[in-house]
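Biologist: Can you walk me through this model? I'd like to begin with a helix and then look at the pockets.

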Amino acid sequence: RNEIAVLFQPQFSVVTGRITGAEALARWQHPQHGEIGAGTLFAIADKADFTRVLSRHIRMRAMEHAAAWTGALAPLRLSLNVTAEDLSERGFAQREVAMIATSGFQAKRLTLEMTEQALVRDLKRAAVRFAALREAGVRIAVDDFGTGYSSLLYLKRLPLDYLKLDHAMTRDIGGAEADRIIVRSIIAMAKALDLMVIAEGVESDAQLEALRDEGCDYFQGFLRGRAMEAEVFAEFARSALSPLGER
């Protein structure tokens, strides 16, 4: 019924402040219950054995929107979430590459994100499927790093491009020194493995300054931009990329 809204939260360079892309997020605009967040949406889908269909639908909708990022928006990247159910599906990588081609969005501008909890189920299978996606130009990110298993094993075995710091770690970076040391260690480890680091949940200039000092590459959060509808995001990005809009 076209009730699933795809929103885009902008991502920025920590060093320059320049917008670099967006993460696509889903909301259910329920006719009786109003807006339902992604967590509840996917919990309902899981009970109905509908997770894979819903996940594919959201990624396709997001890529179709992002295919319209032309002109000044052409360099922007898109980040999409992949579930454990997606990854376990036979032929996932091949179908994903075909879906990207159908959407009209460029694979080289796409990042697929997977949580730690989903990755540890089958590292060997994940490695094979991620390798196929990377060969097609897609980049791979570990989402919510630092809140789950944080296994160094998958950092060694999986073909990755990014680590994404969970908002809880970003929130605490301005607190106790121990919190900052942990974030510093994760960023240093990522750099040693030739991975880039994205921080989510950045809400203050103090957090951003601390992340900049520690060498974080990218960030997203309420400090610079909430999740917004596709048309609103496109206008936001054009304004941010114009000479007067740059920070």
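Modeller: Let's start with helix 10, residues 205-214, where Gln207, Leu208, Ala210, Leu211 and Glu214 are buried. They cover an arc of only 160° around the axis, which puts them on the same side of helix 10. Buried means under 20% relative accessible area, exposed over 50%, and partly exposed in between, with a 1.4 Å probe and protein chains only. The arc is that of the directions from the helix axis to the C-beta atoms. Helices are DSSP runs of H or I with at least four residues, strands are runs of E with at least two, and both are numbered from the N terminus.

Biologist: Before we go on, what sort of model is this, and how are residues numbered?

Modeller: This is a predicted model: local features need pLDDT of at least 70, side-chain atom pairs count only at pLDDT 80 or more, and totals for chains, interfaces and linings use all residues. Residues are numbered from 1 along each chain as its sequence is written, and side-chain values use heavy atoms, with hydrogens and water left out.

Biologist: Back to helix 10. Which residues are exposed on the other side?

Modeller: Asp205, Ala206 and Asp213 are exposed there.

Biologist: And what do the buried residues of helix 10 pack against?

Modeller: They pack against strand 7 (162-165), helix 8, helix 9 (177-192), strand 8 (196-199) and strand 9 (218-219). Contact here means heavy atoms within 4.5 Å.

Biologist: What follows helix 10?

Modeller: Gly215, with a positive phi near 95°.

Biologist: Which residues other than glycine have a positive phi?

Modeller: Asp49 is one of them, at about 55°. Asp194 also has a positive phi, near 65°. Most residues other than glycine have a negative phi.

Biologist: Where do Asp49 and Asp194 lie?

Modeller: Asp49 is in the loop between helix 1 and helix 2. Asp194 is in the loop between helix 9 and strand 8.

Biologist: Is Asp49 buried or exposed? What about Asp194?

Modeller: Asp49 counts as exposed, at 70% relative accessibility. Asp194 counts as exposed too, at 69%.

Biologist: Now pockets. What volume does the largest pocket have?

Modeller: About 860 Å³. On a 1 Å grid over the protein atoms alone, a pocket is an open set of points where a 1.4 Å probe fits, with protein on both sides within 12 Å along at least five of seven lines. Lining residues have an atom within 4 Å of a point. The volume is the space filled by probe spheres set on the points, which are joined across faces, edges and corners.

Biologist: How many residues line the largest pocket, and which lie nearest its centre?

Modeller: The lining has 36 residues, and Glu23, Leu25, Ala38, Asn81 and Asp143 lie nearest the centre. Strand 2 gives the most, with five residues.

Biologist: Next, helix 11. Which residues are buried?

Modeller: In helix 11, Ala230, Phe233, Ala234, Ala237, Ala240 and Leu241 are buried. Seen down the axis, they fall within an arc of 130°, so they line one face of helix 11. They pack against strand 1 (4-13), strand 2, helix 2 and strand 10 (228-229).

Biologist: Last one, Met228. Where is it found, and what does it touch?

Modeller: Met228 is found in strand 10 and counts as buried at 12% relative accessibility. Leaving aside neighbours within four places in sequence, Met228 is in contact with Leu7, Phe8, Pro10, Phe233 and Phe236.
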